[in-house]
Amino acid sequence: MTNVILLGPPGAGKGTQAKRLVDERGMTQLSTGDMLRAARSSGSEMGLKVAAVMDAGGLVTDEIVIGLIREKLESGESNGYIFDGFPRTLGQADALGALLDQIGQKLDAVISMQVDDSALVRRVTGRYTCANCGAVYHDETHPTKVDGVCDSCGSTNLVRRADDNEESLRHRLMEYYKKTSPLIGYYYAKGDLSSVDALAKVEDVAGAIKDILDR
Ligand code: AP5
């Protein structure tokens, strides 16, 4: 069993690579972004509370996201977890360590996905996803084979995120540098950190991640 964190700024390709690991290794993707968007769509009290923060590109409180992860870790069995977009603060990182201890598991790798910030606007503003299966596409670099139809599941429900605009991205990036990038040093000091060039082609990034996980 392998547990891995994919760490990187918005648009680095965390979700894209997490989905490949699910398909190829049967691992479980835990994306706090997806969980929060699901809470919004369900109209739950928590979902409504976080909607404005997410649209503006801010971070939801540690208490809420740690609660979401705790629920998943305590309730499920898995062939290894991919933490996608979590942790995002030092408080979340400490909490994850404690939660894994509680269930008798450990973190095997933290992969820092390194990109040039100038690539992120294009990646994020061109992104769309399948609302049915979560497959990730891009207008220029990875469009669906048939216009408007998901390659993976055939759904025509392809959607764009409310926070995928330049203004919100700039705020998300600022939050990343202020609150999340210190985790690179945190995990380096713990001896868990590896890095990949996330500007490379999707296949090549996947190969580099595979090498790290097989090590
Ligand atoms: P979240 O959903 O986690 O968004 P994010 O971290 O901003 O990351 P993205 O999903 O935007 O990017 P990604 O790295 O997954 O890239 P992707 O693979 O899609 O969070 C959203 C919001 O929820 C946050 O702003 C916050 O409000 C809240 N939140 C979530 N977690 C939280 C937490 N822990 N604490 C507090 N608040 C939290 O790829 C992007 C595009 O690029 C795609 O179109 C893709 O096709 C393309 N692409 C990917 N890889 C490549 C490649 N190698 N080459 C070319 N194109 C590529």
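Predicted model: local features only at pLDDT ≥ 70, side-chain atom pairs only at ≥ 80, totals over all residues.

Start with helix α2, residues 32-42, and helix α4, residues 62-75: they pack at an angle of about 100°, and their axes are 10 Å apart. So α2 and α4 are roughly perpendicular to each other. If you want to select the contact yourself, take Thr32, Met35 and Leu36 on the α2 side, and Ile64, Val65, Leu68, Ile69 and Lys72 on the α4 side. Sorted by class, the residues of this α2–α4 contact come out as six nonpolar, one polar and one charged.

Now for another pair. Helix α5 (residues 90-102) and helix α8 (residues 182-190) cross at roughly 35°, and their axes come within 10 Å. Here α5 brings Leu90, Ala93 and Asp94, while α8 brings Pro182, Leu183, Tyr186 and Tyr187. The contact of α5 with α8 has six nonpolar residues and one charged residue, with no polar ones.

On to the ligand. There are 34 residues around it, and the ones that come nearest are Thr16, Gly58, Arg88, Arg127 and Arg172. By class, that shell has 14 nonpolar, 11 polar and nine charged residues.

Which atoms of Arg172, Arg37 and Val60 pair up with the ligand? For Arg172, an N or O atom in the side chain is 2.7 Å from an oxygen atom of the ligand. For Arg37, a side-chain N or O atom is 2.8 Å from a ligand oxygen atom. Val60 uses its backbone instead: an N or O atom there lies 3.1 Å from a nitrogen atom of the ligand. On its own the ligand has 1,000 Å² of accessible area, and the protein covers 95% of that. The elements giving two or more residues to the shell are α1 (14-25), α2 and β6 (136-138). Of these, α2 gives the most, with four residues.

One last stop, at the backbone. Most peptide bonds are trans. The bond that joins Phe86 and Pro87, though, is cis, with omega about 0°. You'll find Pro87 in the loop between β3 (81-84) and α5.

Key
Residues numbered from 1 in each chain as written. Heavy atoms only, no water. Axes fitted to C-alpha atoms, helices over the stretch in contact; angles between N-to-C directions. Parallel < 35°, antiparallel > 145°, perpendicular 65-115°, else oblique. Contact = heavy atoms within 4.5 Å. Nonpolar A, V, L, I, M, F, W, Y, C, P; charged D, E, K, R; others polar. Near = heavy atom within 4 Å. Polar contact = N/O pair within 3.5 Å; in protein donor to acceptor, adjacent residues only side chain to side chain. Areas by Shrake-Rupley, 256 points an atom, 1.4 Å probe, with all protein chains shown as cover.
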